[in-house]
Amino acid sequence: MAALEPYPHAPADLRDDEQIRTQRDVVRRQIAAWEAALQDDAARRKQQVAAAEDLRDRRCGLAMTQLLLHDDEFPVDPDRVLVRSGDADQATRDLRGLGAGYAPHPVPVRSPRLPDLRVLQDVCAGPRRTAQAYSSAALRLCGATAQPSYAVMLGAIRKAVGGPELSGPPEGGRWSRPGQEVRGPRVVVIDNGLSAEQRADGWLQGLARTDNLDLLDVVPRDEFLDRGAGHGTFVCGIVQQVAPGADLDVRRALDTEGVGEDVEVGEHIVRAAEDGAEVVNLSLGLVTPDGEPPFALLDAVGEAIEIARRRGTHLLLVCAAGNGGDDRPCWPAALSGRSYFPEHVVSVAALRLDYRDETQVIDARWSTRGDWVTCSTLGQGVVSTYVMGTESREYDPQGPETFGADAWATWSGTSFAAPQVTGAIVRLMQEHPEVSTAKEACDRLMGHGRRLFPGYGVSVRILPV
């Protein structure tokens, strides 16, 4: 355990002492169940596969992207294969000759923002068993020149059992957003969108649009919140708590279940750079069977960096390191450990309070870590804005919550460590005009921290938890 000096612009905890104690106890019990599921490699893998299978089965039959599990635990789109542009024609011919019974008709499609990538669409059709066989055979045939289209997840598949817990002011009270002029740098949050609710407390005003709404109840439509519901709303509230004047632009790349595809996420990253973003928050990620980055995210980050450079600015992507409780690279965060990218990609792991002395911090064992991690901050029991609705008992068997208007919640994950770093970088740029780039601001932020735990980078303390 270790002490950390608070970030100079950290807001005060809005909760009273009793609420803090109660919520910390709830979160501690919740995290204990999560960590028990991650106690060893076999148990961790079993839980990850079960979570992926559950995710796949809930989506079956709905008008949403269908998922298959490639190499057991890695959700992919069975209808798409990604290849480099120079390999597209040969891969298409090979796939068409795969064999009778599959009737493949792959159509190479160029991504408008990823020029070196081709997406072979409509690779298969038919029952899941046939699609699974075809997908595996197609990838074997194409070898190293092809990849599946990976599913991108909020929290890299898992978050703590039970999800968000109620927080917020006493009944009838209100935690109003501090008045502050909105100004640059421009921050793009790529997530699963925002609730359409017009909050009366001033938080998140003007951020929701028709093209970035989190629909909350789709998988299935049953009057309960979906499992990713409120994620983007929570992330944006964290950025605004740390930097109330942040110029936020929210893009929806994932659905309300917290699932998207690597190509679409990549295109959003490139579009953010085209639209003038200096900081992009990515509280999402995926792991791959071979530990190598997916084509789509690798290309997208590189293209976005070059677009910003041609415009005369420096692009910084702040990425959640993942919640795997291991050291497997989570993408795009792990690009911070690859040559060319460390100046542009910041990967954020999670810390927690020490249960024996809550003035001290300790490494969160449920967080992904590794020598590619840039920094870490408190990600357990974070408090932020949430959405209206009721949780399913299936999702929160310990006691489903109902959230009303102007809701706040406490939630855990590296998803909620990353936007604290995003907000701190923005605030430093606003408070110190001599800091000209987000990377300079990030370096200054790291100066407030210390290297405490192997694999967790520089530890900083930002929001109270």
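Helices (H or I, at least four residues) and strands (E, at least two) are DSSP runs, numbered from the N terminus. With that rule, the parts of this chain can be named.

## Overview

This is a predicted model, where local features need pLDDT of at least 70, side-chain atom pairs count only at pLDDT 80 or more, and totals for chains, interfaces and linings use all residues. Residues are numbered from 1 along each chain as its sequence is written, and side-chain values use heavy atoms, with hydrogens and water left out.

The protein chain has 9 helices and 20 strands. It holds 465 residues, and 60% of them count as buried. Buried means under 20% relative accessible area; exposed means over 50%, and partly exposed lies in between (1.4 Å probe, protein chains only).

Contact means heavy atoms within 4.5 Å. Take the contacts in the protein chain with a separation of 6 or more: residues 24 or more positions apart account for 79% of them.

## The nonpolar core

A nonpolar core is a set of buried Ala, Val, Leu, Ile, Met, Phe, Trp, Tyr and Cys residues joined through side-chain atoms within 4.5 Å. The largest one here has 112 residues. Which members touch the most others? They are Ile269, Val280, Leu317, Val318, Tyr386, Val421 and Ile425. Helix α7 (residues 295–311) gives the most to this core, with 9 residues.

Look at Ile269. Leaving aside residues up to four places away in sequence, Ile269 touches Ile190, Leu282, Leu297, Ala300, Val301, Ala304 and Leu317.

## Two helix pairs

Two packed helices are described by the angle between their axes and the distance between the axes. Axes are lines fitted to C-alpha atoms, for helices over the stretch in contact, and angles run from 0 to 180 degrees between N-to-C directions.

Start with helix α6 (residues 262–274) and α7. Their axes are 8 Å apart, at an angle of about 5 degrees. The two helices are therefore roughly parallel to each other. The cut-offs are these: angles under 35 degrees count as roughly parallel, over 145 as roughly antiparallel, 65 to 115 as roughly perpendicular and the rest as oblique. On the α6 side, the contact includes Val265, Ile269, Val270 and Ala273. On the α7 side, Leu297, Ala300, Val301 and Ile307 are among the residues involved. By class, this contact of α6 with α7 has 11 nonpolar, 1 polar and 4 charged residues. Here Ala, Val, Leu, Ile, Met, Phe, Trp, Tyr, Cys and Pro count as nonpolar, Asp, Glu, Lys and Arg as charged, and the others, Gly among them, as polar.

Now take helix α8 (residues 418–431) and helix α9 (residues 438–446). Their axes come within 9 Å and cross at roughly 105 degrees. That makes α8 roughly perpendicular to α9. Val421, Ala424, Ile425, Leu428 and Met429 in α8 meet Ala438, Ala441, Cys442, Arg444 and Leu445 in α9. The contact of α8 with α9 has 9 nonpolar, no polar and 1 charged residues.

## One face of a helix

Helix α3 covers residues 88–96, and its buried residues are Ala88, Ala91, Thr92 and Leu95. Where do they sit around the axis of α3? They fall within an arc of 100 degrees, so they line one face of the helix. The arc is that of the directions from the helix axis to the C-beta atoms.

Phe74 lies in strand β2 (residues 74–84). Is Phe74 buried or exposed? At 5% relative accessibility, Phe74 counts as buried.

Trp411 is in strand β18 (residues 408–411). Its relative accessibility is 1%, so Trp411 counts as buried. Trp411 and His231 are 180 residues apart in sequence and 9.5 Å apart in space, C-alpha to C-alpha.

## Backbone exceptions

Most residues other than glycine have a negative phi, and most peptide bonds are trans.

| Item | Feature | Value |
|---|---|---|
| Leu204 | positive phi | about 65 degrees |
| Leu216 | positive phi | about 75 degrees |
| Gly184 to Pro185 | cis peptide bond | omega near 5 degrees |
| Trp331 to Pro332 | cis peptide bond | omega about 15 degrees |

Leu204 is found in the loop between β7 and α5 (231–242). Leu216 lies in the loop between β7 and α5. Leu204 counts as buried at 11% relative accessibility, and Leu216 counts as buried at 15%. Pro185 is in strand β7 (residues 183–191). Pro332 lies in the loop between β11 (316–320) and β12 (345–354).
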